Amino acid sequence: MKLTELINCINLAYEHERHPDTIDVVIAIKVPYMTVGQAPCVGIKSTYMGFDWEAGQFRIIPEENLMCVKHNVPQEVINWNDVYCCPKCEHILSINDKDPDIKFCSKCGQAVEWK
Ligand SMILES: [Zn+2]
């Protein structure tokens, strides 16, 4: 997305919102488990125009650290509150108990390590 597109989206939302001063701006995030109610999200701490290596980017800093799970896929199974997920595609491998007999994700084939 380019900065101009973001500005246009914000302007469009602003024009149609009666009380824009009450609207929280958040970043929607994906979690590897079912949720009820509001989809998970994190707030925005700040923004800045990138410089040096980040020149040409408008950077949004979330209130909480976000981590990419797609790059350099580790094999270690992700544990989200006793829901064990594939480190590559986040497919649920096991719930409540570790299952070291599972060596590969049944959805994407990623090799997995239980620790
Ligand atoms: Zn997978």
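Strand E2 covers residues 41–49, and none of its nine residues is buried, so the strand lies largely in the open. Here a residue is buried if 20 or more other C-beta atoms lie within 10 Å of its own, exposed if 12 or fewer, and partly exposed in between, with C-beta atoms placed from the backbone. Strands (E, at least two residues) and helices (H or I, at least four) are DSSP runs, numbered from the N terminus.

E2 has two antiparallel partners to look at, where strands pair if DSSP finds at least two bridges between them. Strand E1 (residues 26–28) is joined to E2 by three bridges, and alanine 28 has cysteine 41 in E2 as its bridge partner. Strand E3 (residues 58–62) is joined to E2 by five bridges; methionine 49 is bridged to phenylalanine 58 in E3.

## About the model

This is a predicted model, in which local features need pLDDT of at least 70 and side-chain atom pairs count only at pLDDT 80 or more, while totals for chains, interfaces and linings use all residues. Residues are numbered from 1 along each chain as its sequence is written.

## Valine 26 in strand E1

Valine 26 belongs to strand E1. With 15 other C-beta atoms within 10 Å, valine 26 is partly exposed. Leaving out residues up to four places away in sequence, valine 26 touches Cys41, Val42, Gly43 and Ile44, a contact being two C-beta atoms, placed from the backbone, that lie within 7 Å. Between valine 26 and proline 40 there are 14 residues of sequence separation and 9.6 Å in space, C-alpha to C-alpha.

## Overall layout

The protein chain holds one helix and six strands, in the order α-β-β-β-β-β-β along the sequence. Its radius of gyration is 19 Å, well over the 13 Å that the globule rule gives for 115 residues, so the chain is more spread out than a compact globule. That radius is taken over C-alpha atoms, and the rule is 2.2 Å times the number of residues to the power 0.38. Along its principal axes, the C-alpha trace spans about 55 × 40 × 20 Å.

Two domains are assigned: domain 1 (1–64) and domain 2 (67–115), with bounds from an automatic or database domain assignment. Their centres, taken over C-alpha atoms, are 29 Å apart. Of the 115 residues, 7% count as buried. Among contacts in the chain with a separation of 6 or more, 22% come from residues 24 or more positions apart.

## Helix H1

Helix H1 (residues 3–16) has 14 residues and reaches 20 Å from its first C-alpha to its last, close to the expected 20 Å; the expected span is 1.5 Å times one less than the number of residues. The number of buried residues in H1 is zero, so the helix lies largely in the open.

## The nonpolar core

The largest nonpolar core has seven residues: Val77, Tyr84, Cys85, Cys86, Leu93, Cys105 and Val112. Such a core is a set of buried Ala, Val, Leu, Ile, Met, Phe, Trp, Tyr and Cys residues joined through C-beta atoms within 7 Å. Setting aside neighbours within four places in sequence, valine 112 is in contact with several residues, including Val77, Cys86, Leu93 and Cys105.

Asparagine 81 is exposed, with 7 other C-beta atoms within 10 Å; aspartate 82 counts as exposed with 11.
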